[in-house]
Structure formats: structure tokens, C-alpha cells
Amino acid sequence: MAHPRKISAHGTQAEETLIGRRGRLLGAKSQLFYDEPVHLVRGEGVWLHDADGRQYLDAYNNVAHVGHCHPHVVEALCRQASLLNTHTRYLHTAILDYVERLTATFDASLSTAILTCTGSEANDIALRMAQATSGQMGIIATDATYHGNTTAVSQLSTRMPPVGGRAPYVRLVPAPDSFRHPDAMADGKAFGDAVREAIASLAKDGIGLSGMILCPLLANEGFPTLPSGFFDDAVAAVREAGGLVIADEVQPGFGRTGSHFWGHQRAGFVPDIVTMGKPMGNGHPVAAVVTTSEILATFRNAFRYFNTFGGNPVSCAVANAVLDVLEDENLVANARDVGIYALSLLRPLADRHDCIGEVRGAGLFFGAELVHDRETREPAPDIAGRAINAMRDRGVLMGKTGIHGNVLKIRPPMPFSRAHAELLIGTLDEVLGGVGGVMA
């Protein structure tokens with residue numbers, strides 16, 4: 001049998017056919033990573049394998065939080081799926097056992113939960129909780145954020161403006177930028193002032209405040225370096241105006257930052273509502289909203305909410321197994337240790353590559369902001385794009401994010417080791433020498 005005709009440096013005719021079929025069935029603009037998309041067929045731990053048998057180091061996926069196809073998680077899924085799977089209008093103990101275990105990781109005030117299938121659903125519910133509790137509609141977010149793709153939460157994204165324009169009850173405040181505006185990052189006062197202006201604007205237009213939603217790591221904003229207590233003034237402003245504070249923990253949660261189990265704990269505030277998603281089920285679709293008993297009761301009175309699959313026995317068994325692995329393998333401590341080590345390897349690269357403007361991160365969420373000029377701090381999304389594609393070509397998968405799309409985003413599964421960090425940073429060193437320029 002003849003081999004498929006080559007169509008590019010990496011793709012085969014068969015792969016091109018697969019891309020064409022995907023576009024026909026899923027839509028031409030259905031997003032794929034990398035200039036040469038990867039056809040994955042298998043995963044194990046921090047490694048992924050493509051259809052040609054090539055191995056890739058996964059430095060991107062917080063979805064497989066405790067590692068791809070972790071045997072304990074897979075076994076829990078199979079065991080429960082072979083026993084029972086139904087929805088939460090029947091009694092079953094798995095959801096109760098899991099919610100008790102999950103809420104034990106939070107401040108005592110955050111003691112109740114609703115389980116969903118996706119983080120988008122969780123954030124949609126969180127917005128409705130804030131509306132029901134406050135009796136108002138106004139919501140504040142940053143102007144470089146992302147909280148999902150339901151109609152409600154897509155109103156908060158600036159990357160794809162809503163059809164018909166943004167809703168009048170949404171206010172977006174400037175995302176903090178630790179590289180270009182370090183003075184404004186000193187104590188969070190500038191961010192707090194922006195939130196107060198947004199609150200005043202809502203009031204002027206006859207729209208009251210329901211709350212503010214933010215990722216405590218500001219992950220999509222480029223995870224800027226935040227001083228301790230940075231959010232305190234903004235949180236105080238929201239609460240003074242009768243609003244609720246929503247922490248979106250989809251990216252920093254479940255120990256990723258290494259120092260704390262939740263991003264808001266690291267940031268030093270207690271939110272009224274917490275949402276979580278992807279890492280919770282290690283790839284299985286399960287997500288949650290955690291809040292106070294009072295807020296949950298108010299929500300239940302205001303909305304007749306039911307989610308067919310949210311909190312089903314299989315999802316709860318999987319989510320519980322993820323917590324098992326985090327504890328049994330000491331993965332939060334590993335995130336702290338490997339994260340510190342990785343940054344110690346990454347920072348010296350700035351001495352060799354003039355495209356690196358700032359190195360930053362916490363635990364197993366780290367990266368670097370790339371620039372064309374360190375003096376002007378001109379963002380370099382083009383260099384970032386070339387870098388992540390060159391890394392893919394060398395067998396390392398990572399991404400980019402940030403206000404300007406120029407921040408290298410490294411967010412691997414939690415079992416990522418020091419040896420993996422050495423391979424990652426060593427490869428990045430070589431790649432930046434080719435795509436971003438080297439110091440004279």
C-alpha cells in the first residue's frame with residue numbers, strides 16, 4: 001500500500017483530509033492549535049502521542065490535571081459507570097460525599113455547591129446568584145478576561161464582541177499590567193479606583209451592581225505579578241456597593257499555584273462565590289459553583305435550576321478520584337517545588353534573549369512576556385506565535401495568552417517534574433534563539 005502523499009513539512013494527505021472533514025462537519029472556523037495541528041491518539045501522565053507515534057511533552061493542559069489517563073481516575077470512572085449513572089433528582093450519596101470533601105478545602109463560609117458539566121455553566125450560575133442576591137444586574141470584569149461561552153458570560157469577553165453590542169449592565173475595567181504599568185500595580189489602588197468608577201457608571205445609568213467576577217491569577221490577562229493584597233481595595237468597593245465577589249478558579253484552582261489549594265487563598269481574599277471546571281474531572285466534564293448557604297438558598301428561590309448531568313454518580317466518582325491523587329501523590333507540593341525550579345531556569349533566559357520582557361508565574365503556571373523592544377515594551381505576539389509553533393515542532397506543547405497575546409503560557413499537568421522542566425526550558429532556549437533574537 002502506498003504511503004500518503006506529503007503535503008507539508010509535518011502533515012500528510014490523510015491529515016489534510018481529516019482537517020477538511022473537520023471543517024465540513026464542525027465548521028471552517030472550529031479552532032485548532034498550532035499552524036500544523038496535532039492529531040492526538042493517546043495520553044499518559046505528562047505525555048501525549050500523535051497518530052504517527054510521535055511523543056509530545058504536554059506543558060499546556062490543566063484539563064488532565066493529575067496527568068493524562070491517570071489509572072486511579074480511570075478505574076473510578078469505569079467502576080461507577082458499570083454500577084450506576086443517573087441524575088440528581090434521585091438520591092445518591094456520591095454527590096454529598098464529594099461536596100463535603102470539596103467544600104472542606106474552602107473558608108468555612110463556603111459550604112454548599114451546585115455541580116454542573118462545564119465552567120461556562122458554573123459562571124453562568126454564579127452571575128445569576130449575584131443577581132438574585134443583590135436584586136441588581138450590573139457585573140464588572142476586566143477587559144482582557146474570558147469566563148466561558150454561554151450567552152451571559154460571553155458578554156464579558158472582548159475577543160469576540162457580542163452580536164448587537166455589549167449589554168448595558170456590563171462594565172469592563174482595564175486589566176492590570178505588571179510589565180508596562182508597575183506603579184499602578186504597587187498596592188491595587190488603581191484597580192480599585194477603576195472598579196469604583198465602573199460602579200458609579202452603573203449607578204449613573206440606573207443599573208445597580210450585582211458583582212465582580214475575576215480569575216484570582218488573572219490568567220487570561222497574562223498572569224501579571226500581583227503584590228499581596230492587590231485585590232483588597234476592589235473587593236471592598238464591590239461589597240460597599242452591595243455586590244458579590246466571584247472567583248473563577250478554573251485555571252488557578254486545585255493547587256496549581258503550589259502555595260495554596262485555591263487562587264483566591266493565595267491572593268488573600270474570601271469570595272462570595274467560587275467557580276471551577278476543567279481540572280476538577282481530569283478531562284471528564286464536571287464543574288461546580290461553591291457558595292454560602294444563604295446565597296444558595298436565595299438562588300434556589302429565584303431560579304428553578306436543574307442540570308441533568310451535573311453531579312451524576314460517574315462525574316462525582318471521577319472528581320473524588322482527582323482529589324485522591326492530589327493528596328496521595330502530594331501534587332500541590334510538587335507544583336510549588338517544580339514551579340520554583342522552572343522559574344529559576346527560565347529567568348536566566350532573559351539574559352540571553354532580548355525578546356523576553358518579563359518572566360512571571362506561580363507554581364505550575366508560568367511563562368514570559370515577549371517584546372520587540374525592552375525599552376518601548378512593544379508586545380511581540382508574532383514572536384510568541386512562532387515560538388509556540390517551533391516548540392510544537394520540537395515535541396513540546398504550550399500556548400500563549402495575555403492582553404496582547406504575547407505571553408508564553410506554560411500550564412502542564414500537576415505531575416510535571418524537574419526533569420520535565422529542564423527539557424521544556426532547554427528546548428525553549430533553543431527556540432527563542434531562532435525566532436526571537438539573542439543578546440549580543
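## The nonpolar cores

The largest nonpolar core has 69 residues, and among them Phe-254, Met-276, Leu-370 and Leu-424 touch the most other members. Such a core is a set of buried Ala, Val, Leu, Ile, Met, Phe, Trp, Tyr and Cys residues joined through side-chain atoms within 4.5 Å. Buried here means under 20% relative accessible area, with exposed over 50% and partly exposed in between (1.4 Å probe, protein chains only). The element that gives the most to this core is helix α10 (residues 313–328), with 9 residues. Helices are DSSP runs of H or I with at least four residues, strands are runs of E with at least two, and both are numbered from the N terminus.

Leu-424 is in contact with Leu-57, Ala-59, Phe-366, Met-391, Val-396, Met-398, Ile-410 and Phe-416, leaving aside its neighbours within four places in sequence; contact means heavy atoms within 4.5 Å. A second, separate core of 24 residues includes Ala-194, Ala-198, Phe-231 and Val-235.

## About the model

You are looking at a predicted model, in which local features need pLDDT of at least 70 and side-chain atom pairs count only at pLDDT 80 or more, while totals for chains, interfaces and linings use all residues. Residues are numbered from 1 along each chain as its sequence is written, and side-chain values use heavy atoms, with hydrogens and water left out.

## One side of helix α2

Which residues of helix α2 (residues 71–81) are buried? They are Val-73, Ala-76 and Gln-80. These residues lie on the same side of α2, because they cover an arc of only 60 degrees around the axis; the arc is that of the directions from the helix axis to the C-beta atoms. Helix α10 is included in what covers the buried residues of α2.

## A buried serine

Ser-210 sits in strand β7 (residues 209–214) and is buried, at 1% relative accessibility. Leaving aside neighbours within four places in sequence, its contacts include Ala-130, Gln-131, Ser-134, Gly-243 and Leu-244.

## Cysteines

A search of the whole structure finds 0 disulfides, a disulfide being a pair of cysteine sulfur atoms within 2.5 Å. For Cys-117, the nearest cysteine sulfur is that of Cys-316, 11 Å away. Cys-117 counts as buried at 17% relative accessibility, and Cys-215 is buried too, with a relative accessible area of 7%.
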